[in-house]
Structure formats: structure tokens, C-alpha cells
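Please walk me through this protein as if I were seeing it for the first time.

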Amino acid sequence: MKYALVWLLALLLAACSDSELAKESPPEQQDVAAERADLPATHDAQAAADRRRSDWLLIEHAGWPKKPAATLDSPLLEPGISTPALRPAQMGDRPLLAIVIDDVGQNYAQGQRLIDLPVPIALAILPQTPAAARLAEEAHARGQTVMLHLPMENGAGLSIGPGGLFSQMSREQLLASLVDSLGRIGLIQGVNNHMGSRLTAERAPMDWVMGELKKRGLFFVDSRTTAQTQAAFAADAAGVQNLSRDVFLDNTREPEAIHREFQRGLALARKNGYAVLIGHPYPQTLDYLERWLPGLADREGVQVVSLQTLLERKYAPTATSD
């Protein structure tokens with residue numbers, strides 16, 4: 001009986017001890033169950049935020065949704081934007097295609113693969129990137145087009161990297177940043193926008209940019225990251241020669257998807273006399289271009305040319321009859 005009482009007393013003491021320990025445990029230990037209960041909702045919210053960010057990046061890097069390829073008899077452009085079709089006689093007998101590769105400058109080897117392609121390619125180089133100056137010099141020496149890929153503010157507040165232009169900047173601040181970026185990469189022949197769905201939709205900043213480009217004799221390519229873009233209108237008003245993107249090549253980084261977009265570019269070139277494609281230095285894109293560009297003119301009847309060639313044809317004076 002004595003041993004039974006001792007055993008019962010030990011059990012009671014242990015229970016009291018556990019209760020006191022629980023009361024004295026740190027708050028983070030006491031709240032473990034509550035935190036675990038909250039985890040699914042937290043994870044769901046983060047996943048939703050990640051999806052929104054991913055969707056916006058697709059918009060910024062791939063343009064706004066276009067009409068399906070089945071409607072190639074009508075313009076494959078965003079609502080409210082149209083690219084004038086140049087007459088075949090004006091553009092020459094063969095449809096022309098120009099290719100711009102954005103986001104160059106982070107990786108020297110990727111840039112070298114672009115320079116080595118057997119056709120004219122425009123390298124759109126981000127400012128303040130490790131290989132920017134070297135790639136610009138080597139591309140120019142090989143006859144490839146060198147462009148500044150100018151970061152501009154997007155509508156989601158995503159990071160655009162150093163040298164960016166923002167809508168809250170004054171004219172003086174914006175031009176100071178633009179001039180700094182232009183001075184960091186030598187031999188620049190033109191500019192296009194990196195992201196920019198917010199800034200390119202605002203006319204005043206676009207007028208300031210185009211005024212500086214006009215003074216320097218640079219052309220502009222509107223990447224069209226928003227259907228409300230004012231960039232081409234501002235360029236025309238300032239007398240800056242300009243072109244606009246027709247197709248983004250590698251929104252989906254798969255060979256089949258890249259091939260479909262390339263075929264869309266060829267179809268537009270045949271329809272309008274020319275087309276401008278924009279891609280990125282992804283491994284899949286580089287592999288595709290290295291495989292398909294050699295012999296393209298003979299296979300498809302479409303010639304890859306420089307942006308300058310398209311600009312010369314676009315802005316060539318038209319003959320007038322007496």
C-alpha cells in the first residue's frame with residue numbers, strides 16, 4: 001500500500017511539473033500549434049504573390065497577349081497599335097527580318113555566341129553589366145549592331161536594375177541617368193526599352209528620352225511592353241528613326257514554342273515586307289538560332305538583315321511621279 005501511494009504521488013508531481021514547464025516555456029514554443037495552423041494560408045498567399053509576379057514578368061518580357069496565329073490575315077499586334085505594312089517594292093523583293101537579343105551583358109560567353117551568328121544580330125546590352133563594354137566593342141568590330149537596353153519603370157514595381165528611368169524623376173534627373181547609361185557602353189547605335197510598361201505609357205518622359213536620342217543620332221526600337229505605349233509616337237514627333245517589336249521569340253523557353261514564334265515572325269515578314277523579333281540569351285534561344293539561321297534565306301525566302309537596313313528602307317524617300 002505504501003509503495004502504491006508513493007507511485008501515485010510521483011505521478012501527481014510529474015503532472016504538476018509538466019504543467020509548470022508549459023507555463024514557463026518560451027512564447028514561440030507555446031505558439032507552435034497556432035503557427036502550424038496558419039502555415040497553409042501563409043503558403044497560399046505567398047504562392048499567389050509569386051504567381052502574380054511571374055505573370056507580370058511574362059507581360060514585361062513577352063509583351064501583351066496577341067491574336068492567335070490562325071488570324072495571320074490581320075495584324076498580330078496589341079489592341080490600338082498598328083505597324084504600317086511597307087510595300088514589297090519599297091522593302092525589296094525579299095521579305096526582311098531583323099532580330100534583337102535583349103538582356104545582353106551579364107554573360108560574356110552568351111554574347112560571343114550571338115556575335116558569331118552568321119547573320120546580322122542586334123545586341124541590346126544592359127548598362128552596368130560585367131561584360132557590357134567588352135561585348136559592345138567586339139560586336140561592333142564584327143559588324144553587329146550595338147544597342148543600349150535601357151531599363152524603364154514597370155507597372156508592378158519589379159526591380160529593373162541599375163541605370164533605370166522612373167516616372168517620378170524630373171526631366172533633369174531622367175536625362176542625367178540616360179546620359180550616364182549611354183556613356184557606359186561605347187559604340188551605341190540605338191536604344192530599346194527593358195521592361196517599361198509604366199514609363200513608356202507616359203508621353204512626357206518619352207519626349208525627354210527621344211530628344212536626347214535625336215541629338216545623338218540614335219534610333220529607337222519600342223519593345224511594346226504595354227498596349228498604351230507612347231514611345232513610337234514620341235520618337236516620330238522628335239524625328240527619331242524607330243521600329244517596333246512584332247514578335248517576342250522566347251516567352252516560353254521550349255524549342256517547339258520558340259519555333260512557333262519564329263514562324264509567326266516569318267509570316268509577318270511575308271505579309272508586311274518586314275518584321276522585328278526580340279529574344280533573350282537563353283540557352284534554348286541560342287541553340288535554336290544557331291541551328292535555324294544558317295541557310296534561312298534559301299529555305300524560307302526571308303532574309304535576316306540589320307535594324308539599320310530596315311530603317312533605311314522605312315525612311316527612304318518615296319519616288320514621286322511627274
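This is a predicted model: local features need pLDDT of at least 70, side-chain atom pairs count only at pLDDT 80 or more; totals for chains, interfaces and linings use all residues.

Q: What percentage of the residues count as buried?
A: A residue counts as buried when its relative accessible area is under 20%. Among the 322 residues of the protein, the share that counts as buried is 44%.

Q: What percentage of the contacts with a separation of 6 or more comes from residues 24 or more positions apart?
A: The contacts considered here are those in the protein with a separation of 6 or more. Within that set, the part that joins residues 24 or more positions apart is 74%.

Q: Are helices H5 and H6 roughly parallel or roughly antiparallel to each other?
A: Helix H5 covers residues 108-115 and helix H6 covers residues 132-141, and their axes come within 10 Å and cross at roughly 15°. Angles under 35 degrees count as roughly parallel, and the two helices H5 and H6 are therefore roughly parallel.

Q: Which residues of H6 make the contact with H5?
A: H5 passes H6 in a right-handed crossing. On the H5 side the contact is made by Tyr108, Gly111, Gln112 and Ile115, and on the H6 side by Arg134, Leu135, Glu138 and Ala139.

Q: At what distance from the ring centre of Tyr108 does Arg134 lie?
A: Tyr108 of H5 and Arg134 of H6 both belong to the contact between these helices. Arg134 lies over the face of Tyr108, and its distance from the ring centre is 3.7 Å.

Q: Which residues of H11 make the contact with H5?
A: The axes of H5 and H11 come within 10 Å and cross at roughly 20°, and the two helices are therefore roughly parallel to each other. H5 passes H11 in a left-handed crossing. From H5 the contact involves Gln110, Arg113 and Leu114, and from H11 it involves Leu286, Asp287 and Glu290.

Q: Is the aromatic pair of Tyr288 and Trp292 stacked or edge-to-face?
A: A search of the whole structure finds two aromatic pairs. In the pair formed by Tyr288 and Trp292, the ring centres are 5.8 Å apart and the planes stand at 25°. Planes under 30 degrees apart count as stacked, and so the arrangement of Tyr288 and Trp292 is stacked.

Q: By about how much of helix H11 are Tyr288 and Trp292 separated?
A: Helix H11 spans residues 283-292, and Tyr288 and Trp292 are four residues apart in it. Tyr288 is buried at a relative accessible area of 5%, whereas Trp292 is partly exposed at 26%. Because they are four residues apart in the helix, the separation of Tyr288 and Trp292 is about one helical turn.

Q: Which residue has its charged end over the ring of Tyr282?
A: The charged end in question sits 3.7 Å from the centre of the Tyr282 ring. The residue that it belongs to is Arg253.

Q: Is Asp103 buried or exposed?
A: Asp103 lies in strand E1, which covers residues 96-104, and it has a positive phi of about 60° although it is not a glycine. Its relative accessibility is 14%, and because under 20% counts as buried, Asp103 is buried.

Q: What is the relative accessibility of Leu187?
A: Leu187 is not a glycine, yet it has a positive phi of about 65°. It is placed in the loop between helix H7 and strand E4. Leu187 counts as partly exposed, with a relative accessibility of 43%.

Q: What distance separates the C-alpha atoms of Leu123 and Thr145?
A: Leu123 lies in strand E2 and is buried, with a relative accessible area of 0%. Residues that it touches include Ile101, Ala139 and Thr145. Leu123 and Thr145 are 22 residues apart along the chain, and their C-alpha atoms are separated by 6.1 Å.

Notes
Residues are numbered from 1 along each chain as its sequence is written. Side-chain values use heavy atoms; hydrogens and water are left out. Rings of Phe, Tyr and Trp (its six-membered ring) pair if their centres lie within 6.5 Å; planes under 30 degrees apart count as stacked, over 60 as edge-to-face and the rest as tilted. Buried means under 20% relative accessible area, exposed over 50%, partly exposed in between (1.4 Å probe, protein chains only). A charge sits over a ring if NZ of Lys or CZ of Arg is within 6 Å of the ring centre and within 35 degrees of the ring normal. Axes are lines fitted to C-alpha atoms, for helices over the stretch in contact, and angles run from 0 to 180 degrees between N-to-C directions. Angles under 35 degrees count as roughly parallel, over 145 as roughly antiparallel, 65 to 115 as roughly perpendicular and the rest as oblique. A crossing is left-handed if the near helix is turned anticlockwise from the far one by less than a right angle, and right-handed if clockwise. Contact means heavy atoms within 4.5 Å. Lists of a residue's contacts leave out its neighbours within four places in sequence.
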